[in-house]
Amino acid sequence: MKDKKSKVIKSYLFAIVGCILLTLFDQFTKWLAVAKLKDQDPFVLIKGVFKLEYLENRGAAFGIMQNQQLFFAVTAILIIAVIFFMYGRMPQTKRYYMLKICAVMVCAGAIGNLIDRLRLNYVVDFFYFELIDFPVFNVADCYVVLACIGFALSVLFYYNDDELKVFSFKKEKKGK
């Protein structure tokens, strides 16, 4: 029992430290964007393809729902709470590392953008794929997208249905 409890504590510590480190990196890149890109011409990395361009995003993805900061903040907090709860339901085995890493990345992304929303009332974005005119985004957004891709691929191709039952809210009948 004590060994299981220490595994759970270590798992949560890994998640918290990982989340803090990823969030700090996100905030550092946003600080750099403000320091080096704000009120400047975009920094072209690959002409016509990719550049760094400062943008204050007061909406969500693709600029939708402008100036709904309270809604975004509450949503981020709910997402973090749900992920924290689901993280605790995952078995303490190596088999679930992929899902745990994805959970940490989503939390870090949510926290990184939440910090901006609470502190600045907007999110600092700065990556721009000019070639496809993709909306400007940031490191926190990258965490969320990569985590969702990792989650989708692992659910589709790595885990079987029985392994994903740990996330079910239904109580299974025993003895059938």
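Helix H1 covers residues 2-37, and its angle with H3 is about 45°, with the axes 8 Å apart. Axes here are lines fitted to C-alpha atoms, for helices over the stretch in contact, and angles run from 0 to 180 degrees between N-to-C directions. H1 passes H3 in a right-handed crossing, where right-handed has the near helix turned clockwise from the far one by less than a right angle, and left-handed anticlockwise.

A word on where this comes from: the model is predicted, local features need pLDDT of at least 70, side-chain atom pairs count only at pLDDT 80 or more, and totals for chains, interfaces and linings use all residues. Residues are numbered from 1 along each chain as its sequence is written, and side-chain values use heavy atoms, with hydrogens and water left out.

So who touches whom between H1 and H3? On the H1 side, the residues include Phe14, Gly18, Leu22 and Lys30, and they meet H3 residues including Ile101, Val104, Ile111 and Arg119. Contact means heavy atoms within 4.5 Å. That contact divides into eleven nonpolar, six polar and five charged residues. For these classes, Ala, Val, Leu, Ile, Met, Phe, Trp, Tyr, Cys and Pro count as nonpolar, Asp, Glu, Lys and Arg as charged, and the others, Gly among them, as polar.

Here are the helix pairs side by side.

| Pair | Angle | Axis distance |
|---|---|---|
| H1 and H3 | about 45° | 8 Å apart |
| H1 and H4 | about 140° | 8 Å apart |
| H3 and H4 | roughly 155° | within 8 Å |

H1 and H4 pack at about 140°, which makes H1 oblique to H4. Leu22, Phe25, Asp26, Thr29 and Lys30 of H1 meet Val139, Ala140 and Tyr143 of H4. This contact has five nonpolar, one polar and two charged residues.

The axes of H3 and H4 cross at roughly 155°, so H3 is roughly antiparallel to H4. H3 passes H4 in a left-handed crossing. Among the residues in contact are Leu99, Met105 and Gly109 of H3, along with Tyr143, Leu146 and Phe151 of H4. By class, there are 13 nonpolar, four polar and one charged.

What lines the second largest pocket? It has 14 lining residues, with Ile83, Met90, Leu99, Ala103 and Phe151 nearest its centre. Helices H2 (69-89), H3 (97-120) and H4 (139-157) each give two or more residues to that lining. The lining has 14 nonpolar residues, no polar and no charged.

Stepping back, the protein has five helices and three strands, running α-β-β-α-α-β-α-α from the N terminus. Helices (H or I, at least four residues) and strands (E, at least two) are DSSP runs, numbered from the N terminus.

Notes:
1 Å grid on protein atoms, 1.4 Å probe; cavity = no way out; pocket = protein on both sides within 12 Å on 5 of 7 lines; lining within 4 Å. Parallel < 35°, antiparallel > 145°, perpendicular 65-115°, else oblique.
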